[in-house]
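Please consult the sequence and the structure shown below while reading.

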Protein chains: 2
Amino acid sequence: MTQIKKRRLQRVTLQAHQIVPILQINSVITLTADQKHYLCNVLRLETGAEFIALDRKDGWWLAKLVSLDVAEIIAKLENNSELVAQITLGIAMPKGSNIESVIRQTTELGVRQIVPLFSDRTILKPDNEIGKQKRDRWQRIAEEATELSLRTYVPEIISPQTFRYWLGEIASSPILKYICVISPDAPHLLTHLQSTLQKNDLQKTDYQQIAIATGCEGGWTTKEEQIAIASGFVAVSLGDRVLSAVTAPVVALSIVSAFLDTK
Amino acid sequence: MTQIKKRRLQRVTLQAHQIVPILQINSVITLTADQKHYLCNVLRLETGAEFIALDRKDGWWLAKLVSLDVAEIIAKLENNSELVAQITLGIAMPKGSNIESVIRQTTELGVRQIVPLFSDRTILKPDNEIGKQKRDRWQRIAEEATELSLRTYVPEIISPQTFRYWLGEIASSPILKYICVISPDAPHLLTHLQSTLQKNDLQKTDYQQIAIATGCEGGWTTKEEQIAIASGFVAVSLGDRVLSAVTAPVVALSIVSAFLDTK
């Protein structure tokens with residue numbers, strides 16, 4: 001009961017250098033300038049006040065301000081908001097800043113890792129630089145959405161890479177891999193998840209990792225679909241209507257999380 | 001095969017006055033100024049060119065320009081992109097223009113009717129006028145999303161009304177009604193859909209209409225949840241994470257459409 005009440009406290013995501021070597025009860029954290037501003041100026045917390053520190057991996061920690069610069073970890077909080085499988089989303093980058101709403105919405109839905117991809121039909125090309133500033137912004141969006149959705153794990157936004165490079169990286173991995181396509185012949189993602197479970201007599205907790213790729217405006221090229229399938233991806237449909245590049249990844253994550261969340 | 005190829009043609013949504021008394025083969029349509037501009041100036045179609053006319057209800061018609069002002073219906077096209085059940089989404093209006101992305105994304109997912117709602121926690125109050133101009137804009141967003149997602153039916157955006165009025169309107173209807181809540185005790189929407197099917201030995205085509213209500217920022221008040229349940233709504237969860245007001249309706253529609261689309 002106390003734990004549920006504690007979940008209502010304000011949440012702050014720690015930076016990597018604050019978690020060295022590991023976080024534990026009695027760990028002392030020096031706040032960054034941003035965290036200090038947020039806790040002390042925006043929220044007006046005073047010495048002795050409690051807040052929740054997210055360690056970016058799998059933990060929520062109850063922390064207490066011991067001064068206006070320093071906090072101490074006083075307990076580990078339980079939280080079961082993470083999906084039983086780790087979901088990696090490979091997303092062919094949509095136009096403009098549309099990827100931002102995808103990062104926000106799929107973070108709310110439990111994604112673990114987002115890989116922005118250059119596909120044959122993305123307007124951005126691999127030699128267009130995606131600056132560190134932009135990637136930092138994407139990572140901050142993921143942090144904010146993690147805090148608001150009461151998740152424990154901050155999804156990692158990987159540096160943009162080509163679709164073919166990513167396929168090569170992931171090909172040898174034995175995880176379940178899906179590419180979402182527009183085709184009347186492809187099975188529905190939900191059907192495939194459910195039948196794989198039944199056929200192999202698996203438990204949902206047996207799915208340790210699932211990768212899903214969604215296309216940009218105009219979808220994948222036939223060649224891309226072929227090399228994905230050759231790399232072990234299963235081509236699946238997200239339904240009988242054509243979804244936009246911004247909606248498709250949210251629908252894919254909705255389906256996987258509903259599948260994993262239900263008994 | 002011809003029909004599939006025809007689906008690639010440009011699509012135009014007809015206005016109500018163009019469908020009087022009914023649309024049939026050989027019907028002659030006088031184009032509106034907007035349609036004429038789009039077909040002749042933007043797409044540069046010439047007399048004799050074909051396009052698809054959407055009648056807003058359940059049909060796609062193959063049309064041919066007989067002059068730059070007038071088109072003739074020459075065939076009815078088959079299209080199975082609609083869900084087997086009609087989905088009504090009651091959405092407590094989120095802040096600012098956030099409802100626009102909800103209209104766009106849930107239209108892509110097959111929603112039939114959207115009812116913008118004033119709930120206890122919406123910032124807009126019933127006496128704030130929502131001008132005709134704004135509603136026309138919402139309806140146009142639904143039309144555009146219908147055309148892009150290759151649907152046949154343009155969802156109807158109803159005039160905003162209070163949540164309590166809507167509950168009264170819908171209470172006596174025997175349809176399946178869901179209210180999405182944040183509670184560890186509520187069953188998951190997908191679980192409830194599947195178990196209702198099994199318990200009552202139904203086919204998915206037996207679901208003729210389903211209503212779903214999602215809250216705005218801060219969710220529904222306890223009082224609202226209680227009166228919805230008293231009006232025949234079932235309280236359901238969309239998963240173990242907290243979704244934003246913009247994401248929740250998209251997730252709800254994703255789950256219902258995946259349920260209805262799969263065998």
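Two strands are said to pair if DSSP finds at least two bridges between them. By that criterion, strand β4 (residues 60-65) and strand β5 (residues 70-77) of chain B pair in the antiparallel sense over six bridges, and B:Leu65 has B:Ala71 in β5(B) as its bridge partner. The model discussed here is a predicted one.

**The five-stranded sheet of chain B**

- The sheet is open and mixed in its pairing, with its five strands in the order β1-β3-β4-β5-β2 (chain B).
- Its edge strands are β1 (11-13) and β2 (28-30) of chain B, each of which pairs on one side only.
- On average, neighbouring strands of this sheet are turned by 40° against each other, direction ignored.
- Helix α4 (residues 132-148) of chain B packs on the sheet, where it touches β1 and β3 of chain B. The direction of α4(B) makes about 150° with that of β1(B).

**Strand pairing within the sheet**

- Strands of a sheet pair through backbone hydrogen bonds, in either a parallel or an antiparallel manner.
- β1(B) and strand β3 (residues 50-54) of chain B run parallel and are joined by three bridges. Opposite B:Thr13 stands B:Leu54 of β3(B).
- β2(B) pairs with β5(B) in the antiparallel sense, over three bridges. The bridge partner of B:Ile29 in β5(B) is B:Ala71, a residue that is also the bridge partner of B:Leu65.
- β4(B) is joined to β5(B) by a hairpin through four residues.

**Helix α5 in each chain**

- Which residues of helix α5 (residues 163-171) of chain B are buried? They are B:Phe163, B:Trp166, B:Leu167 and B:Ile170.
- These residues lie on the same side of α5(B), because they cover an arc of only 100° around the axis.
- The elements covering the buried residues of α5(B) include the strands β6 (86-92), β7 (113-118), β9 (161-162), β10 (176-180) and β11 (209-214), together with helix α7 (222-230), of chain B.
- In chain A, the buried residues of helix α5 (residues 163-171) are A:Phe163, A:Trp166, A:Leu167 and A:Ile170.
- Seen down the axis of α5(A), its buried residues fall within an arc of 100°, so they line one face of the helix.
- The packing partners of the buried residues of α5(A) are β6 (86-92), β7 (113-118), β9 (161-162), β10 (176-180), β11 (209-214) and α7 (222-230) of chain A.

**Domains of chain A**

- The domain assignment divides chain A into domain 1 (2-77) and domain 2 (86-261).
- The C-alpha centres of domain 1 and domain 2 of chain A lie 32 Å apart.
- Contact between them involves nine residues of domain 1 of chain A and seven residues of domain 2 of chain A.

**Relation and contact between the copies**

- The contact takes 29 residues from chain A and 29 residues from chain B.
- On the side of chain A that touches chain B, α3 (99-108), α6 (189-199) and α8 (248-261) of chain A each supply at least two residues. Helix α8(A) gives the most, with seven residues.
- The copies meet through the same surface, because 100% of the interface residues of chain A are also interface residues in chain B.

Conventions:
Residues numbered from 1 in each chain as written. Chains lettered and ligands numbered in written order. Predicted model: local features only at pLDDT ≥ 70, side-chain atom pairs only at ≥ 80, totals over all residues. Buried ≥ 20, exposed ≤ 12 C-beta atoms within 10 Å, placed from the backbone. Arc of directions from axis to C-beta. Contact = placed C-beta atoms within 7 Å. Axes fitted to C-alpha atoms, helices over the stretch in contact; angles between N-to-C directions. Domains from an automatic or database assignment.
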